[in-house]
Amino acid sequence: MVGLVERTTMMISCVPALLMFRCKLGTSTRMAGVLLLTGSLGGVTTILAMVSYKKVDVGDAQAIISSCPVLVGVLAWVFLSERMNILDIIAGVFALLGVTLLFRPSIIFDRNTTYDLDALIGNSSAIGVAFSIATSSILRRVLSLTAIDKNVSLFYINLIGAVACGVACSIFGEWEWPTEAKHQVFLIASGVLGYINGLLTMIALGREKAYHVALLNSSSFMMLYVLQFIFLGVSPDVYSSFGSLGIILATLLITKSKSAPDISNR
């Protein structure tokens, strides 16, 4: 239900911009296929994430999902011919180490962890989420380089995603609406912020390599701990501090990597 409401709110949030700029909703057959696939992947991501979070710890699932930038780099290299340099690779290593320290998956940090069928299903679903997000990033990069208005792309992507989430809610029986007004406001606000995030990501993908955008998005995990400290007073531990440092180093390396030659050009 959460995914359905968020996707619907994100779709509705596109409408003011569509009306203001008088955007045309028509598109070519090829781009319609890309939009359909991108929106469908959003629904697939929601379904797999629901399965993963139910079967394994959130930290375990999130640590696997955070490997997404590496997959984006590989897919961008294969399908978009976006080359990487040595600083890009080092930045990816720092980002992965940083996120691993932030979430501390039990399979690495807890020797008493047992690996059963639920763990297999949960971890496999998390891997599916990572691949789905990575593929979606490549498709969004393609869309951002076309003449289609970004709000039009987001409108169709979230419309299709909302339908997919509705199917997922029917499959899992997740139709419960939050009863408290505070939770309802939070849910709608999450959708509006999701639209802003999607729009800014599309703008970034129109100017930067998909791999760079994916890596910089990893800084959101660090910001989560910063905001948690500011608003909730929860102090980060040693692991979280070193993890945040790793992500900061990855971000700095990305800013320097533009001046470095690609590996293929060496």
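Guide: Before we look around, a contact, or touch, here means heavy atoms within 4.5 Å. Helices are DSSP runs of H or I with at least four residues, strands are E runs of at least two, and both are numbered from the N terminus. This is a predicted model, where local features need pLDDT of at least 70 and side-chain atom pairs count only at pLDDT 80 or more, while totals for chains, interfaces and linings use all residues. Residues are numbered from 1 along each chain as its sequence is written, and side-chain values use heavy atoms, with hydrogens and water left out.

Visitor: What makes helix α10 mostly covered?

Guide: Buried means under 20% relative accessible area, exposed is over 50%, and partly exposed is in between (1.4 Å probe, protein chains only). In α10, residues 210-217, six of the eight residues are buried. They are A210, Y211, H212, V213, A214 and L215. The cover over them includes α4 (68-79), α5 (86-103), α7, α9, α11 (219-232) and α12.

Visitor: Why does V152 count as buried?

Guide: V152 has 1% relative accessibility, so it counts as buried. V152 sits in helix α8 and touches L18, C23, K24 and L25, leaving aside residues up to four places away in sequence.

Visitor: What makes up the largest nonpolar core?

Guide: A nonpolar core is a set of buried Ala, Val, Leu, Ile, Met, Phe, Trp, Tyr and Cys residues joined through side-chain atoms within 4.5 Å. The largest one here has 20 residues, and C14, L18, L143, L154 and Y195 have the most contacts inside it. Two or more residues come from each of α1 (2-20), α2 (29-55), α7 (117-144), α8 (150-172) and α9 (181-205). The largest share, five residues, is from α1. A second, separate core has twelve residues, among them C68, V72, A76 and V213.

Visitor: What makes something a pocket?

Guide: On a 1 Å grid over the protein atoms alone, a pocket is an open set of points with protein on both sides within 12 Å along at least five of seven lines, and lining residues have an atom within 4 Å of a point. The largest pocket here holds about 1900 Å³, taken as the space filled by probe spheres set on points joined across faces, edges and corners. Its lining has 48 residues, with E6, R7, I133, G194 and N197 closest to the centre. The largest share of that lining, ten residues, comes from α9.

Key: 1 Å grid on protein atoms, 1.4 Å probe; cavity = no way out; pocket = protein on both sides within 12 Å on 5 of 7 lines; lining within 4 Å.
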